[in-house]
Amino acid sequence: MTIASELAVLRALERAGNHKVPRSDRGGLKDVPSWEIYTHRPPVGPSSLDKLLTNAWDLPAAVGFSEELISALDSYTRTLLASGHAFDRNDLQRVLARLR
C-alpha cells in the first residue's frame with residue numbers, strides 16, 4: 001500500500017503543479033517535474049487547495065483506496081502544498097503508520 005499511496009500523492013502534487021503553473025508559464029522551471037513545481041513557488045493558500053486538488057483522488061477511490069486512506073493522503077498533500085515542503089517518503093510512511 002505504501003507504493004500505491006506514494007504514487008497517488010505524487011500524482012496529486014503533479015496535478016496541482018500543472019494547475020498552478022501551466023507548462024507555457026514555467027520559464028526556468030521547464031526541467032522541474034510537475035510534482036515538484038509547488039516547491040519552487042510561494043506556498044499555496046488555503047483557499048486555493050480545493051481547486052488545485054479537484055478530482056485528485058478519483059483514481060485512488062476507483063481502485064479501492066479507503067476513505068480513511070484518501071483522507072490521510074489528502075491531508076498530507078495539502079500540508080505539503082501549504083508549507084512548500086518537498087515530498088518525503090519517510091514522512092508519508094509515518095502518515096500511513098498512524099492508520100494501522
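The crossing of helices H4 and H5 is right-handed, a crossing being called left-handed if the near helix is turned anticlockwise from the far one by less than a right angle and right-handed if clockwise. The model is a predicted one, in which local features need pLDDT of at least 70 and side-chain atom pairs count only at pLDDT 80 or more, while totals for chains, interfaces and linings use all residues. Residues are numbered from 1 along each chain as its sequence is written, and side-chain values use heavy atoms, with hydrogens and water left out.

**Helix H5 and its packing**

H4 and H5 pack at an angle of about 145°, and their axes are 10 Å apart; axes here are lines fitted to C-alpha atoms, for helices over the stretch in contact, and angles run from 0 to 180 degrees between N-to-C directions. The helices themselves are DSSP runs (H or I, at least four residues), numbered from the N terminus. Where H4 and H5 touch, Leu69, Ala72, Leu73 and Tyr76 of H4 meet Asp91, Leu92, Val95 and Leu96 of H5, contact meaning heavy atoms within 4.5 Å.

Within H5, which spans residues 89–97, Leu92, Val95 and Leu96 are buried, that is, under 20% relative accessible area, as against over 50% for exposed and in between for partly exposed (1.4 Å probe, protein chains only). Seen down the axis of H5, its buried residues fall within an arc of 95°, so they line one face of the helix; the arc is that of the directions from the helix axis to the C-beta atoms. The cover over these buried residues includes helix H1 (2–20) and helix H4 (67–83).

**Salt bridges**

Side chains of opposite charge can pair when their charged atoms come close. Taking a salt bridge as a side-chain nitrogen of Lys or Arg within 4 Å of a carboxyl oxygen of Asp or Glu, the count comes to 5 salt bridges, among them the following.

| Pair | N to O separation |
|---|---|
| Glu14 and Arg11 | 2.7 Å |
| Asp50 and Arg78 | 2.9 Å |
| Asp91 and Arg94 | 2.4 Å |

Glu14 and Arg11 both belong to helix H1 and lie 3 residues apart, about one turn of the helix. Glu14 is partly exposed at a relative accessible area of 21%, and Arg11 is partly exposed at 40%. Asp91 and Arg94 both lie in helix H5, also 3 residues apart, about one turn of the helix; Asp91 is partly exposed at 29% relative accessibility, and Arg94 is partly exposed at 46%.

The salt bridge between Asp50 and Arg78 is placed otherwise: Asp50 lies in helix H2 (residues 46–52) and Arg78 in helix H4, so the pair ties together parts that are 28 residues apart in sequence. Arg78 is partly exposed, with 23% relative accessibility. Salt bridges that share partners join Asp50, Asp74 and Arg78 into one network.

Not counting residues up to four places away in sequence, Asp74 touches Leu53 and Trp57.

Leu81 is likewise in helix H4 and is buried, with a relative accessible area of 1%. Leaving aside neighbours within four places in sequence, Leu81 is in contact with Leu13, Ala16, Tyr38, Pro43, Val44, Leu49 and Leu53.

**Loop residues**

Ser34 sits in the loop between H1 and H2 and is buried at 4% relative accessible area. Residues up to four places away in sequence aside, Ser34 touches Leu13, Glu14, Gly17, Asn18, Arg23 and Arg26.

Asn55 is found in the loop between H2 and helix H3 (58–62), and is partly exposed at 47% relative accessibility. Most residues other than glycine have a negative phi. Asn55 has a positive phi of about 65° although it is not a glycine.

Conventions:
Helix = DSSP H or I, 4+ residues; strand = E, 2+ residues; numbered from the N terminus.
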